[in-house]
Amino acid sequence: MDALSLLLKRQSYNQLTEPAPEGICLENILQAGVTVPDHGGLTPWRFIVFRGQALDDLGEIYAEAREAQGADCEKISKARNMPLRAPLVIAIIADVKDSPKIPRLEQLVAAGCSAQAMQMAAFAQGYQGIWRTGDLAYDAHVKKQLKLKEADEIIGFLYLGTAKSEPPVKTRKPAAEFVEYWLE
Ligand SMILES: Cc1cc2nc3c(=O)[nH]c(=O)nc-3n(C[C@H](O)[C@H](O)[C@H](O)COP(=O)(O)O)c2cc1C
């Protein structure tokens with residue numbers, strides 16, 4: 001797939017199964033995640049790859065978070081199963097650095113670029129995926145278990161795998177709806 005087609009055809013898909021990206025494909029995805037604009041070279045990101053039993057472990061963290069919120073059994077059980085919606089999940093964490101020059105916002109944006117780049121790299125190699133957050137991405141227990149510092153944020157969980165069926169092709173709004181031209 002050429003680069004422009006990749007940019008114009010990228011879309012999310014949530015019906016995911018094995019095989020998950022592994023080996024060089026997974027390395028490419030992770031490398032794409034660190035090949036993003038980075039003001040000041042702060043590398044304000046880190047990634048956690050969840051595969052196999054680790055998906056259950058993440059589910060357990062989610063379930064504990066719901067329990068701490070006083071959720072009912074159904075909600076706790078739903079949370080426990082959430083990471084099992086794909087064979088591979090990558091957590092993208094903004095590892096925000098204390099910098100006198102680079103604002104926190106810029107570091108969050110850079111980590112967001114990592115998530116986007118990783119989804120694109122997966123798509124380019126024939127995989128599908130979806131970037132998810134949900135309220136648990138902002139939950140104190142989840143943040144603690146994933147070892148976030150005070151200033152850090154969970155930018156998202158990238159669910160990756162192979163599409164269970166052909167994803168529907170999405171039509172996009174024309175860019176003209178969002179653009180104004182300031183031309184002399
Ligand atoms: C920061 C962020 C968080 C998101 N969280 C969720 C989520 O929790 N659940 C969900 O279904 N979609 C979520 N989305 C949206 C999907 O990733 C996806 O973009 C959306 O379904 C539209 O599909 P498209 O990417 O094909 O346009 C999120 C997107 C972003 C950028």
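Axes are lines fitted to C-alpha atoms, for helices over the stretch in contact, and angles run from 0 to 180 degrees between N-to-C directions. Helices are DSSP runs of H or I with at least four residues, numbered from the N terminus. The model is predicted: local features need pLDDT of at least 70, side-chain atom pairs count only at pLDDT 80 or more, and totals for chains, interfaces and linings use all residues. Residues are numbered from 1 along each chain as its sequence is written, and side-chain values use heavy atoms, with hydrogens and water left out.

**View 1. Packing of helices H2 and H5.** H2 (residues 23–33) packs on H5 (residues 104–124) at about 150°, the axes being 7 Å apart. H2 is therefore roughly antiparallel to H5 (an angle over 145 degrees). Asn28, Ile29, Leu30, Ala32 and Gly33 of H2 meet Ser114, Ala117, Met118, Ala121 and Ala122 of H5 (heavy atoms within 4.5 Å). This contact of H2 with H5 has 7 nonpolar, 3 polar and no charged residues (Asp, Glu, Lys and Arg count as charged; Ala, Val, Leu, Ile, Met, Phe, Trp, Tyr, Cys and Pro as nonpolar; the others, Gly among them, as polar).

**View 2. Packing of helices H3 and H4.** The axes of H3 (residues 53–68) and H4 (residues 73–81) lie 7 Å apart at an angle of about 155°. H3 and H4 are therefore roughly antiparallel to each other. Gly59, Glu60, Tyr62, Ala63, Arg66 and Glu67 in H3 meet Lys75, Ile76, Ala79 and Arg80 in H4. By class, the contact of H3 with H4 has 4 nonpolar, 1 polar and 5 charged residues.

**View 3. Surroundings of the ligand.** Residues around the ligand include Arg10, Ser12, Trp131, Lys170 and Arg172 (a heavy atom within 4 Å). A ligand oxygen atom is 2.5 Å from an N or O atom in the side chain of serine 12.

Key: Helix = DSSP H or I, 4+ residues; strand = E, 2+ residues; numbered from the N terminus. Parallel < 35°, antiparallel > 145°, perpendicular 65-115°, else oblique. Polar contact = N/O pair within 3.5 Å; in protein donor to acceptor, adjacent residues only side chain to side chain.
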